[in-house]
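Subject: Structure handover

Hi,

Here is the structure I promised to pass on. Please open it and keep it beside this message while you read.

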Amino acid sequence: MCGIVGYIGRRDVAPLLLEGLARLEYRGYDSAGMVITSPKSAGLKMVKAKGRVRDLEARVPKRFTGTTGIAHTRWATHGAPSDVNSHPHMDPDNKVAVVHNGIVDNAAELRAKLEADGVVFASETDTEVLTHLIARSQAETLEEKVREALKVVEGTYGIAVMHADFNDRIVVARNGSPVVLGIGEKEMLVASDIAALIAHTRQIVTLDDGEMATLKADEFRTYTTSGTLTTATPETVEWEAASYDMGSHDTYMHKEISEQADAVDRVLRGRIDEKFSTVHLGGLNLDAREARGIRRVKILGCGTSYHAGLIGASLIEGLARIPADSEPASEFRYRNPVVDPDTLYIAVSQSGETYDVLAAVQELKRKGARVLGVVNVVGSAIAREADGGVYVHAGPEVCVVSTKCFTNTVVAFALLALHLGRIRDLSVADGKRIIEGLRKLPAQIQEILEGEEDIKKLAAEYADAKSMMFIGRVRGYPVALEASLKLKEISYIHAEAYPASELKHGPLALIEPAMPTVAIVPSDSLLEKNRAAMEEIKARSGRILAVAHQEQEKADHTIIVPKNEDELDPILMGIPLQLLAYHTALALGRDIDKPRNLAKSVTVE
């Protein structure tokens, strides 16, 4: 959550910081601010504003110039959105400025101690505690001042710090919240996401937990919070700045939905092995003997990643015949789970930084478990912590809600399931069948996208609903869950998802003409069971929108999708429902890319 960007060099810093904040606004957008200075400046200058980055830009004075600065766009945790609660936070003497992502767990205790010593707080935030701790330190260097403050802080943080007495540097630190350095030519940058860096440099260094860095215009150094120097080798980012542009689309969500055919082609490229009817996944670090020793697979994710994990578990169980299930990482890490040495754990996260997933990975590693990561961002925390894994290669995803990354994650699970299956008992014929199905996906996705206008008209039919129900059986149920989440995230229409078989066990009480049902109805062995569920709804005067491979007589409307292999059908059936959610939200005038109360990368508990 929240976005940090900082710069030190020779360029005018305010426009650069505003540009970086605009690219990071999907991480939080209830307030924003910046502090700047320069070697010739007498001190630190600050401007902050409640609202979007554009509101901050409107407040920046004309002569607000400097060559060093830090900035922040906020997703509120401690304290409501307001000018005073916006970051950066400064001490009363205007010497120290801090921007912070994460949560200081012992903020109340530290605040009480500081207030007892006469400190007067200006804001309700936990971050201001850090500012006062750094300002009150008697250490001789800024690095030591920050280190002293961090010694007494409990919780998560990604921070950037400036000090008027040390205006030749920015000091940054990470514990549980991403911090990425951008290495330029006689200039250095820092951000919480490479999105803010990519327009200026493709050379990056990602800090590990417990690591700090000092940035000067012509150099940087990294070290632990205890002061031990570390070795940081810059790596080249593949993504380009144009990947973050909206192009001809009105929203990032629409752009990302429309990119899915190409994105799926990318995750498949170079991985299919025709000779042995399997796939190459070189990053797994899992040989055939180890793969055959797996007795269970446990998939951990949050939100959309959890739903992708549900489909992934079905694929692994169906193709590899290994018992598999998916569980919210946020629940798993708190229930004191039994960690079995014969279980393969798979952590799923678009950003690779999701805090609940990362914490679960770290706990599993501590207990000796084998953990694979399925992530989109190369070099992210989960990618580095895991024993191996699969990159989903969806490309940058800017909209807060996930679309193309969800689809690519499920395709990555299909690849993994095929790989494990062919090592175990999946036949050559079935391997070829799945490969042929995978190869069809990009063209079939494009065929679905070409029917957008029809889906837009359907969205207008259902946009007046106050609540909607989504149902599906077995493979269709995770699709229903994800479609329900998409609708509520961006349209704010209340939506629930149930297994179709559970309707008669309670949810039928909700059915009435004013509550439409979206039914996932693939042409598989459960087709007649799904039709029976629709009969139950129609008998109670419910409206039905079916997503199916053929027209459904009992449905008021049917979205027809191309048929693939049964195992791969969920990948295709989710895509028209992304468009349905999008056009419903558009009809209701919602802020689609930045839905209320949400942020893209959840790096706090």
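Below are notes on strands, pockets and backbone.

First, the ground rules. This is a predicted model, where local features need pLDDT of at least 70, side-chain atom pairs count only at pLDDT 80 or more, and totals for chains, interfaces and linings use all residues. Residues are numbered from 1 along each chain as its sequence is written, and side-chain values use heavy atoms, with hydrogens and water left out.

Strands

Helices (H or I, at least four residues) and strands (E, at least two) are DSSP runs, numbered from the N terminus. Two strands pair if DSSP finds at least two bridges between them. Start at strand 11 (residues 203-206). Strand 11 pairs with strand 9 (residues 180-183) over 3 bridges, in the antiparallel sense.

Pockets

A pocket is an open set of points on a 1 Å grid over the protein atoms alone, where a 1.4 Å probe fits, with protein on both sides within 12 Å along at least five of seven lines; lining residues have an atom within 4 Å of a point. Volume is the space filled by probe spheres set on the points, which are joined across faces, edges and corners.

The largest pocket holds about 630 Å³. Its lining has 31 residues, and Cys302, Gly303, Thr304, Lys600 and Val602 lie nearest the centre. Among the elements that supply at least two lining residues each are helix 9 (304-320) and strand 20 (343-349).

The second largest pocket holds about 370 Å³. Its lining has 22 residues, with Glu238, Trp239, His393, Gly395 and Pro396 nearest the centre. Helix 7 (260-268) and strand 15 each supply at least two of the lining residues. Helix 7 gives the most, with 3 residues.

Backbone

Histidine 393 sits in the loop between strand 22 (388-391) and helix 13. Asparagine 597 is exposed, at 63%.

Last, the peptide bond from histidine 87 to proline 88 is cis, with omega near 0°.

Best wishes

Definitions and conventions: Buried < 20%, exposed > 50% of the residue type's maximum accessible area, 1.4 Å probe, protein only.
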